[in-house]
Amino acid sequence: MKGSHTVQSSKNSCRVTYQDVLDAPPNMVAEIVDGTLYMNPRPAMPHTRASSKLMIIVGSAFDEGVGGPGGWRIFYEPELHLGKNIVVPDIAGWRRERMPEPPTGAYCRLAPDWVCEALSPSTRELDLGDKKAFYASAGVGYLWFVDPDERSLEAFVLRNNDWVLIDKLFNHAIVSLPPFDAISFDLSKLWLRNVLHRSVPDSGYSESPTTELEAGLSQTAK
């Protein structure tokens with residue numbers, strides 16, 4: 001997701017066009033989903049950190065083939081034109097057999113094989129609602145949600161046009177999930193240190209909502 005303020009939308013689907021996306025202010029990310037125009041500010045730093053670190057981890061192993069099998073093209077915030085919908089996922093990936101050569105224009109018309117969205121409070125409803133449904137209808141094979149506030153990663157696979165949960169991991173869990181289960185990494189690499197986060201259900205990976213600095217000071221005091 002793309003920001004920390006209220007989503008702005010226009011529900012007059014007859015008038016929403018690509019020109020509305022082009023006319024969006026430079027500090028906003030504009031998307032069209034099911035005839036509705038959404039404009040959101042650039043993401044907050046914890047969300048930028050999570051998506052950019054994941055891009056590095058997955059991109060190195062699967063795009064560059066460094067420490068992993070390669071075979072993918074991974075893009076950060078690509079603009080996708082799929083039918084009448086225009087979306088900008090935080091990260092998206094295509095298997096190279098489906099995308100032998102990367103597009104050279106401003107946007108791509110080929111649905112990704114994998115999409116990841118970094119959730120933020122203001123756009124959570126959009127990402128988990130209309131955009132999630134749209135990715136299924138577009139035939140995206142895998143969908144991940146990274147939540148820096150909850151410090152979680154939720155992974156889905158598309159089966160019979162419906163999303164099926166693969167797993168949901170928290171905090172410092174070791175991640176090895178399809179379609180990138182050829183590698184593993186520590187989920188905590190995605191989180192900014194010394195940032196307050198929401199408590200999560202007791203799953204074996206949960207932490208109290210204190211900063212890592214506070215936790216370290218507490219251990220020192222003991």
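Predicted model: local features only at pLDDT ≥ 70, side-chain atom pairs only at ≥ 80, totals over all residues.
Two residues separate β10 from β11, and the strands form a hairpin.

## Cys 116 and its surroundings

Next comes strand β8, which spans residues 114–118 and holds Cys 116. Cys 116 has a relative accessibility of 2%, so the residue counts as buried. Leaving aside residues up to four places away in sequence, Cys 116 touches Leu 54, Pro 89, Asp 90, Ile 91, Trp 144 and Val 146.

Cys 116 and Trp 144 are 28 residues apart in sequence, yet their C-alpha atoms are 4.6 Å apart in space.

## The cavity

Trp 144 turns up again in the lining of the largest cavity, together with Val 58, Val 175, Ser 176, Leu 177, Phe 180, Ile 183 and Phe 185. This lining consists of seven nonpolar residues and one polar residue, with no charged ones. The space inside is about 30 Å³, and the structure holds one cavity of 30 Å³ or more.

## The second largest pocket

For those interested in open sites, the second largest pocket has about 190 Å³ of space. Two elements, α1 (18–22) and β2 (28–33), each give two or more residues to its lining. The lining includes Tyr 18, Val 21 and Leu 22, as well as Met 28, Val 29 and Ala 30. Ala 24, Pro 25 and Val 88 also line this pocket, as do Arg 42, Glu 77 and Glu 79. By class, the lining has nine nonpolar and three charged residues, and no polar ones.

Two of those lining residues, Arg 42 and Glu 77, also meet through their side chains in a salt bridge, at 2.5 Å from N to O. This pair links distant parts of the chain, 35 residues apart: Glu 77 is in the loop between β4 (72–76) and β5 (80–82), while Arg 42 is in the loop between β3 (36–41) and α2 (45–63). Glu 77 is buried, with a relative accessible area of 17%, whereas Arg 42 is partly exposed at 39%.

## Other salt bridges

The count of salt bridges comes to eight. In one of them, the side chains of Arg 98 and Asp 113 meet at 3.0 Å, N to O. Both Arg 98 and Asp 113 lie in the loop between β7 (91–95) and β8, so their pairing ties together parts that are 15 residues apart in sequence. Arg 98 is partly exposed, with a relative accessible area of 35%, while Asp 113 is buried at 13%.

Another salt bridge joins the side chains of Arg 124 and Asp 147, again with an N to O distance of 3.0 Å. Here the link runs between distant parts of the chain, from Arg 124 in helix α3 (residues 124–137) to Asp 147 in strand β9 (residues 142–147), 23 residues apart. Arg 124 counts as partly exposed because its relative accessibility is 22%, and Asp 147 counts as buried because its value is 2%. Finally, a network of salt bridges links Glu 31, Glu 117, Asp 127 and Lys 131.

Methods:
Residues numbered from 1 in each chain as written. Heavy atoms only, no water. 1 Å grid on protein atoms, 1.4 Å probe; cavity = no way out; pocket = protein on both sides within 12 Å on 5 of 7 lines; lining within 4 Å. Points joined across faces, edges and corners; volume = space filled by probe spheres on them. Helix = DSSP H or I, 4+ residues; strand = E, 2+ residues; numbered from the N terminus. Nonpolar A, V, L, I, M, F, W, Y, C, P; charged D, E, K, R; others polar. Pairing = 2+ DSSP bridges. Buried < 20%, exposed > 50% of the residue type's maximum accessible area, 1.4 Å probe, protein only. Contact = heavy atoms within 4.5 Å. Salt bridge = Lys/Arg side-chain N within 4 Å of Asp/Glu carboxyl O.
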